[in-house]
Amino acid sequence: MDGHVAVVTLNRPEAMNAISGEVADFLAGSLLQAAADPNAWVVVLAAAGDKAFSVGADLKERILLDEPGWMRNRVLMRGLFDSLRALPQPTIASVFGYALGGGFELALNCDLILAARDAVFGLPEVRVGIVPGGGGTQALVRRLGPARTKDLIFTGRRIGAEEAYGLGLVARVVERDALDSATMELAREICASSPVAVREAKLAIDRGLDVTVEDGIELEDLAWRRAVASQDRREGIAAFNEKRHPQWRGR
């Protein structure tokens, strides 16, 4: 924890942060702990090493799996991505090097992607006879629409950080040596806002994606009412009028 920023790190650099069943289970547990921590206002998903954020599922492990083993592995993988999507806090993926398959899906399931200029993204699953299974088909189409999503998934082609930024997948692109500091700067910038208001805004945005505008407005109204009822709202308005920085309580 860095202040109110919880950092969850993929720490398997010797395997380019490939996601084994054990790694998936550990990350899911770490994310659940972060979700339950009232002092964690932002969650950063980072990675160790210098070559890859993550190259996705550990295919060396999977080649040893029988059919029941594949299904057990699927439960662990599904648990990881479900835990990431369920986080109430805003999430930032700090991506460098290769972000392929499940590695790209980890980033896609975060609210914001901050990418180093050397980042390479791709969903190559169909090239080995499987389908993206970490929410890639769903997260990508919601960001890009069906045509571009099908282009990337059907071909498995890779795109660089600049192209990903141009497509709207990446929020910011920075130099590789500035990635860590830029990620923390963004996280702290978010922490300067009310954690209650930010969570409610995230909830309204995410739940409003698949409903009518009218239903989305109702979701927004509920989020507004919960924020207005918070101590943070009272502190925020008082701080503004007193020309000082607010002291958020997260409640």
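Predicted model: local features only at pLDDT ≥ 70, side-chain atom pairs only at ≥ 80, totals over all residues.
Let us start with a pair of strands: E3 and strand E5 (residues 98-100) run parallel to each other and pair over two bridges.

Residues are numbered from 1 along each chain as its sequence is written, and side-chain values use heavy atoms, with hydrogens and water left out.

The pair we began with belongs to an open sheet of four strands, in the order E3-E5-E7-E8, with mixed pairing. At its edges are strand E3 (52-54) and strand E8 (159-160), each pairing on one side only. In general, strands of a sheet pair through backbone hydrogen bonds, either parallel or antiparallel.

A further open sheet has five strands in the order E1-E2-E4-E6-E9, and its pairing is parallel. Here the edge strands are strand E1 (5-10) and strand E9 (172-174). Neighbouring strands of this sheet are turned by 20° against each other on average, direction ignored. Within the sheet, strand E4 (residues 91-95) and strand E6 (residues 112-116) are joined by four bridges, and Ala93 stands opposite Ile113 in E6.

Now to the helices. Helix H1 (residues 21-36) packs against helix H3 (residues 67-85) at an angle of about 30°, their axes lying 8 Å apart. Axes are lines fitted to C-alpha atoms, for helices over the stretch in contact, and angles run from 0 to 180 degrees between N-to-C directions. H1 and H3 are therefore roughly parallel to each other, a term for angles under 35 degrees. Their crossing is left-handed, meaning that the near helix is turned anticlockwise from the far one by less than a right angle.

Grid points are joined across faces, edges and corners, and a volume is the space filled by probe spheres set on the points.

The largest pocket holds about 970 Å³ of space. Its lining has 34 residues, and Asn109, Cys110, Asp111, Asp206 and Leu209 lie nearest its centre. H9 gives the most to this lining, with nine residues.

The second largest pocket has a volume of about 570 Å³. Among its 26 lining residues, Ala57, Leu59, Arg62, Glu125 and Ile130 are the closest to its centre. H3, the helix that packs against H1, supplies the largest share of this lining, six residues.

Finally, the search of the whole structure finds one cavity of 30 Å³ or more. The largest cavity contains about 40 Å³ of space, and Trp41, Pro90, Ile190, Cys191, Ser193, Ser194, Pro195 and Val198 line it. Helix H8 (179-191) and helix H9 (195-208) are the elements that give two or more residues to this lining.

Conventions: 1 Å grid on protein atoms, 1.4 Å probe; cavity = no way out; pocket = protein on both sides within 12 Å on 5 of 7 lines; lining within 4 Å. Pairing = 2+ DSSP bridges. Parallel < 35°, antiparallel > 145°, perpendicular 65-115°, else oblique.
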